[in-house]
Amino acid sequence: MLLHSSVCDRRMWDPQWPVLVNAGYRVVRCDFRGFGDSPVADGPYSDAGDVADLLDHLGIERAALVGASYGGQVALEVAATCPGAVTALVLLCAAMPGHVPGAALRSFAEREDALFAADDLAGAVELNVETWLGPEASDEVREEVRRMQRHAFEVQWAAKEEFAPTEAQVDLARIKAPCLAVSGAHDLADFREIAARLPKQISSAHHLELPWAGHLPGLEQPDTVADLLTRFLREAAVRD
């Protein structure tokens with residue numbers, strides 16, 4: 001199950017899902033509410049609950065979860081709530097339930113809010129592209145992120161009423177599946193610190209920092225990340 005960043009939608013996994021299919025995996029990817037082809041919510045909801053419901057709807061009892069940024073936070077919530085259903089976790093520059101934003105992340109949020117208040121949607125899109133993509137991202141990737149982020153903003157902007165997803169209080173120590181917490185050396189300090197801290201909270205986790213990466217390594221060096229995913233998932237299956 002591939003869970004996207006809130007800067008993107010399910011299309012961010014276009015470089016990786018065919019590689020995983022060719023490696024023998026059944027691959028599921030989804031759009032969170034208000035992203036890609038999913039409409040905004042019409043009432044209170046939980047992204048982690050939606051993911052669990054989707055797996056149940058598809059008859060999938062156990063799955064590996066791969067989450068980028070906010071998708072990583074959702075993966076952590078699912079794995080902590082239903083630890084027996086998760087066979088492996090790969091967290092790419094993940095957010096974390098209950099994380100208190102540091103100075104850099106607060107500054108980004110304030111700049112984004114100011115652009116929204118000024119009705120400068122284009123400026124907010126550019127702020128996200130500049131903030132979240134590292135130096136390895138090509139012009140084509142930057143344009144793809146620009147399209148995904150703008151579409152999400154437009155869908156959410158047009159909503160008559162927007163419901164924020166509920167965030168559960170979870171005990172990460174309940175997670176027993178093999179976990180790889182990846183950070184990018186060019187990312188904001190919050191996400192680097194989260195990845196470095198996760199092995200202290202999840203006994204099965206280990207941390208890997210990519211020296212070339214920003215916040216979205218799966219887009220910045222897609223082949224490298226596809227290889228990383230297949231190798232880790234293969235090793236996790238052996239341990240499982």
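Let's start with charge: the chain carries 21 positive and 37 negative side chains, and the centres of the two sets are 5 Å apart. Here Lys and Arg count as positive, Asp and Glu as negative, with His and the chain ends not counted; each charge is placed at NZ of Lys, CZ of Arg, CG of Asp or CD of Glu.

A word on what you are looking at. This is a predicted model, in which local features need pLDDT of at least 70 and side-chain atom pairs count only at pLDDT 80 or more, while totals for chains, interfaces and linings use all residues. Residues are numbered from 1 along each chain as its sequence is written, and side-chain values use heavy atoms, leaving out hydrogens and water.

Now for the fold. The chain has 9 helices and 5 strands, taken as DSSP runs (helices H or I, at least four residues; strands E, at least two) numbered from the N terminus. In sequence order they read β-α-α-β-α-β-α-α-α-β-α-β-α-α. Of the 240 residues, 48% are buried, meaning under 20% relative accessible area with a 1.4 Å probe, protein chains only. The C-alpha trace spans about 50 × 40 × 35 Å along its principal axes.

Finally, let's visit one loop. Serine 38 sits between helix H1 (17–22) and helix H2 (47–57). Leaving aside residues up to four places away in sequence, serine 38 touches Asp31, Phe32 and Arg33, where contact means heavy atoms within 4.5 Å.

Methods:
Buried < 20%, exposed > 50% of the residue type's maximum accessible area, 1.4 Å probe, protein only.
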